[in-house]
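Let me put the structure up, and then we'll walk through a few spots in it.

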Amino acid sequence: MTELEKYLVPILDKKNSFRKSSFSKLKKAVIELNLNKPSQIISVTGTNGKGSTLEILSQVLNNNNFKVGLFTSPHLVRFNERIKINNMSVTDKEILKTFKQLENLKDYKSFNFFQLFSLACFVIFSNRKLDIWLLEAGLGGRLDPINCFDADVSVITKIALDHEDILGKGLENIGKEKAGIIRSNQDFIYGEGKIPESVKKVLDKLNPNFHKIDNCSIKLENFHRNSVGIAKKILDVKFKKIDSLNEIKKLKKSPNYGRCHQLKKDLIVDVSHNNDSVKNLEKFISNNFSKSKIKAIFSCNKLKKLEDLCDPMMEIVDEWYLPELESNRLLSSNLVNKYLLSKGKKVNLGYDLHQLKQKINKQEKNSLFVAFGSFILIGKIYESYNFQI
């Protein structure tokens, strides 16, 4: 365990607070920190595609000599993946030093892990005096730390069902929370899909400079078209001197870790962990590996509905593997096994990742392993291959 990981253990154990009172303290802390804000802040929320949209922007803007800070979550292998400057993760040492500085804040003890990590990110970005901050909402939008700032561009990539236990039941409640990042004097972009009435009400009230993105025609090998279309629109609106189409096409071979990533010839890894993202994964596999025998490696969070994550893949998966992973946040493999058996599926239990790697290496021709269901699973697979992100 690294020094940073040891420091964060007790903070990770703190219960997350998702309340207006906690957010008010967070805004006071931002004022207390007296941050150097950049010339442009771009804030992104949505159910899926947030990180991918910001990854495209970060690469293009950095390639055009902007100093760019990128804040995303969660991480796959190491905490410092969450904070990048010019596409390079900051060091554990810098994060740890910043966390210790935050201990002087008036309301330090009231903040949870994600709030403190967000504040640490803001301080690091401030100290580096960057041109642009690219900020991904961790959850919702209205009470998320990134909403402490009035962004120059705010984005909702799309809205689907996820985190209903926190954001509220149904698309309208989820939309209302995510619409909290919208401001009147800014550009606002909404990605694919129908706009909930709750979001339309906010748009009618605030009347931002509104853009809707649907059916983007640009195909980028490792990125969903919705993310590509949103990123291009931001570049066209705010960075007119950049040839957005040409710059985006330069990213054709750029990897998008954890998103339909072909880690090995016979292994695809994807962090899809809600119904909408699993449907996207199924479409990707069906379009690109239709002649392969598909073997799923699966785990999911205790709070997820199994049918939401398993059912979209039922028709294309021939065999399921449920690895043993050390995490109290994951649903018991026995419960997953029971559900899959009730659907008449072939299930394999008792494998650790080392054993699964051996099976992947020895599997028959025209077979493909597809790992999905949780960030934890994909992170541990990357770690098992000593893959650097």
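So, to start: does S58 count as buried or exposed, going by relative accessibility? It's buried, because its relative accessibility is 1%. The cut-offs here are under 20% relative accessible area for buried, over 50% for exposed, and partly exposed in between, with a 1.4 Å probe and protein chains only.

Before going on, the ground rules. This is a predicted model, so local features need pLDDT of at least 70 and side-chain atom pairs count only at pLDDT 80 or more, while totals for chains, interfaces and linings use all residues. Numbering runs from 1 along each chain as its sequence is written, and side-chain values use heavy atoms, with hydrogens and water left out.

Back to S58. You'll find it in helix α3, residues 50-63. Helices here are DSSP runs of H or I with at least four residues, strands are runs of E with at least two, and both are numbered from the N terminus. Skip the neighbours within four places in sequence, and S58 is in contact with V68, L70, N87 and L134. Contact means heavy atoms within 4.5 Å.

N87 sits in the loop between β3 and β4, and at 25% relative accessibility it counts as partly exposed.

There's another residue like that to look at. K129, also not a glycine, has a positive phi near 50°. K129 belongs to the loop between α5 and β5, the strand at 132-136, and it counts as exposed because its relative accessible area is 56%.

P74 is in the loop that runs between β2 (68-71) and β3 (83-85).

Now helix packing. Two packed helices are described by the angle between their axes and the distance between the axes. The axes are lines fitted to C-alpha atoms, for helices over the stretch in contact, and the angles run from 0 to 180 degrees between N-to-C directions.

Take α1, residues 3-12, and α5, residues 113-128. Their axes come within 9 Å and cross at roughly 135°. So α1 is oblique to α5; under 35 degrees would be roughly parallel, over 145 roughly antiparallel, 65 to 115 roughly perpendicular, and the rest is oblique. On the α1 side you have L8, I11 and L12, and they meet F113, L116 and F117 in α5. By class that contact is six nonpolar, no polar and no charged. For the classes, Ala, Val, Leu, Ile, Met, Phe, Trp, Tyr, Cys and Pro are nonpolar, Asp, Glu, Lys and Arg are charged, and the others, Gly among them, are polar.

Next pair: α7 (170-178) and α8 (197-206), whose axes come within 7 Å and cross at roughly 35°. From α7 the contact takes L171, E172, G175 and K176, and from α8 it takes E197, S198 and V199. This contact has two nonpolar, two polar and three charged residues.

Last topic, the voids. How many cavities of 30 Å³ or more turn up in a search of the whole structure? One. We use a 1 Å grid over the protein atoms alone: a cavity is a set of points where a 1.4 Å probe fits but cannot get out, a pocket is an open set with protein on both sides within 12 Å along at least five of seven lines, and lining residues have an atom within 4 Å of a point. Grid points are joined across faces, edges and corners, and a volume is the space filled by probe spheres set on the points.

Lining that largest cavity are L267, I297, L353, L356, K357, I360, I381, S384 and Y385. Helix α14 gives the most, with four residues. The lining splits into seven nonpolar, one polar and one charged.

Then there's the second largest pocket, at about 440 Å³. It has 23 lining residues, and the closest to its centre are E55, E81, K84, Y257 and I389. The largest share, four residues, comes from α3, the helix that holds S58.
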